[in-house]
Amino acid sequence: MSERDSGSPGRVKAKAAAPSARTSGQAPFGAFVRKPVERAEGKAKGDAGSAASNAAEMRVETAESWPADAVEVGAIVDAYGLKGWVKVAAHAEAGHGGDALLSAKRWWLLKGEERKSAPSLQAKTHSDTVVAHLGGVADRDAALALRGARVYISRSEFPALEADEFYWVDLLGLDVVNIAGVALGKVADMIDNGAHSVMRIEYPAVDKNGRPVTGERLIPFVGVFVKTVDQAAKQVIVDWEADY
């Protein structure tokens, strides 16, 4: 079970998931944990006629209309140009999961307590950011008004993965069991250490005074240790002893 990215074997490079993703009750985005797939840098949605007809489709949303599978993927940091484009700092690089921003048809925007959504008419990578033209954002002033908005994408709109690829968000909460059947805890977080992804696993434990505490294990997400990921069974099987 090998791990590689588009540039160098065994490496997954991604910006850390935003801490605010957890405080909002949404799972952080993160990245692929192996074999990120190179994809086109930009993707226009529809022809000019459909773009024009969708231009007024920015909508005011509520907590009830918000997608249940919304995942925070970045934040709008500035306007880009004069024609209503926005610049987004993505939580993961394009090619490592950030291409959800490039392919999603609709972006969901949260700024303070204000919720909106808009069709993504066109999006592309620009240096280390993503720039996009959203429906209903016609000029620079309108784009500047969106600065600070956190960008969410419905998980159902993430690009499809190959059989041995995973998004971090899909691993969170899975039970971790070793090959002897011993439960090791649940995946609480994913960490990128520069060489590979690492699962941070939490489990119930007791301290030296017998009081309940939360224990932690760190298991590298590489083939020598991770044997099976069964998302249907919500389980990861690893070659790892409980006393490691």
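Student: How many helices and strands does the protein chain have?
Tutor: The protein chain has five helices and 14 strands. Keep in mind that this is a predicted model.

Student: What makes Thr129 buried or exposed?
Tutor: Set its value against the cut-off: buried means under 20% relative accessible area. Thr129 has a relative accessible area of 13%, so Thr129 is buried. This residue lies in strand 7.

Student: How do you know which residues Thr129 touches?
Tutor: The test for a contact is heavy atoms within 4.5 Å. Leaving aside residues up to four places away in sequence, Thr129 touches Lys87, Val88 and Lys124.

Student: What does the side chain of Thr129 reach, and what makes that a polar contact?
Tutor: The side chain of Thr129 reaches the backbone oxygen of His126 at 2.9 Å. A polar contact needs a pair of N or O atoms within 3.5 Å, so 2.9 Å passes the distance test.

Student: Why is strand 7 called mostly covered?
Tutor: Strand 7 covers residues 129–134, and five of its six residues are buried. Each of those five is under 20% relative accessible area, because that is what buried means.

Student: How do you know that strand 4 and strand 7 pair?
Tutor: Count the bridges: two strands pair if there are at least two between them. Four bridges join strand 4 (residues 85–90) to strand 7, so these strands pair, and they run antiparallel. Trp85 has His133 in strand 7 as its bridge partner.

Student: How many bridges join strand 6 to strand 7?
Tutor: Six bridges join strand 6 (residues 114–126) to strand 7, and here too the strands run antiparallel. Across this pairing, Lys124 stands opposite Val131.

Student: What holds paired strands of a sheet together in general?
Tutor: Strands of a sheet pair through backbone hydrogen bonds, either parallel or antiparallel.

Student: Where is Ser127, and what is its phi?
Tutor: Ser127 is found in the loop between strand 6 and strand 7. These two strands form a hairpin with two residues between them. The phi of Ser127 is near 55 degrees, a positive value in a residue other than glycine. Most residues other than glycine have a negative phi.

Student: Why is Ser127 called exposed?
Tutor: Exposed means over 50% relative accessible area. Ser127 is at 70%, so Ser127 counts as exposed.

Student: What makes Lys234 exposed?
Tutor: Lys234 has a relative accessible area of 53%, which is over 50%, so Lys234 is exposed as well. Lys234 is found in the loop between strand 13 and strand 14 (235–238), and its phi is near 55 degrees, again a positive value in a residue other than glycine.

Student: Which residues touch the most other members of the largest nonpolar core?
Tutor: That core has 27 residues, and Val86, Leu101, Trp107 and Leu134 touch the most other members. Strand 3 gives the most to this core, with four residues.

Student: In what order do the six strands of the open sheet come, and which are the edge strands?
Tutor: The order is 12-11-10-9-14-13, with mixed pairing. The edge strands are strand 12 (212–220) and strand 13 (226–230), as each pairs on one side only.

Student: How do you know that strand 11 pairs with strand 10 and with strand 12?
Tutor: Pairing takes at least two bridges. Strand 10 (residues 183–192) and strand 11 (residues 197–206) have six bridges, in the antiparallel sense. Strand 11 and strand 12 have nine, also antiparallel. Both counts meet the cut-off, so both are pairs. Within them, Ile191 stands opposite Val198, and Pro204 stands opposite Thr214.

Student: Which glycines have a positive phi in the turns of these hairpins?
Tutor: Between strand 10 and strand 11, Gly194 has a positive phi of about 95 degrees. Between strand 11 and strand 12, Gly210 has one of about 80 degrees.

Conventions
Residues are numbered from 1 along each chain as its sequence is written. Side-chain values use heavy atoms; hydrogens and water are left out. Buried means under 20% relative accessible area, exposed over 50%, partly exposed in between (1.4 Å probe, protein chains only). A nonpolar core is a set of buried Ala, Val, Leu, Ile, Met, Phe, Trp, Tyr and Cys residues joined through side-chain atoms within 4.5 Å. A polar contact is a pair of N or O atoms within 3.5 Å; within protein, one must be able to donate a hydrogen and the other to accept it, and residues adjacent in sequence count only if both atoms are side-chain atoms.
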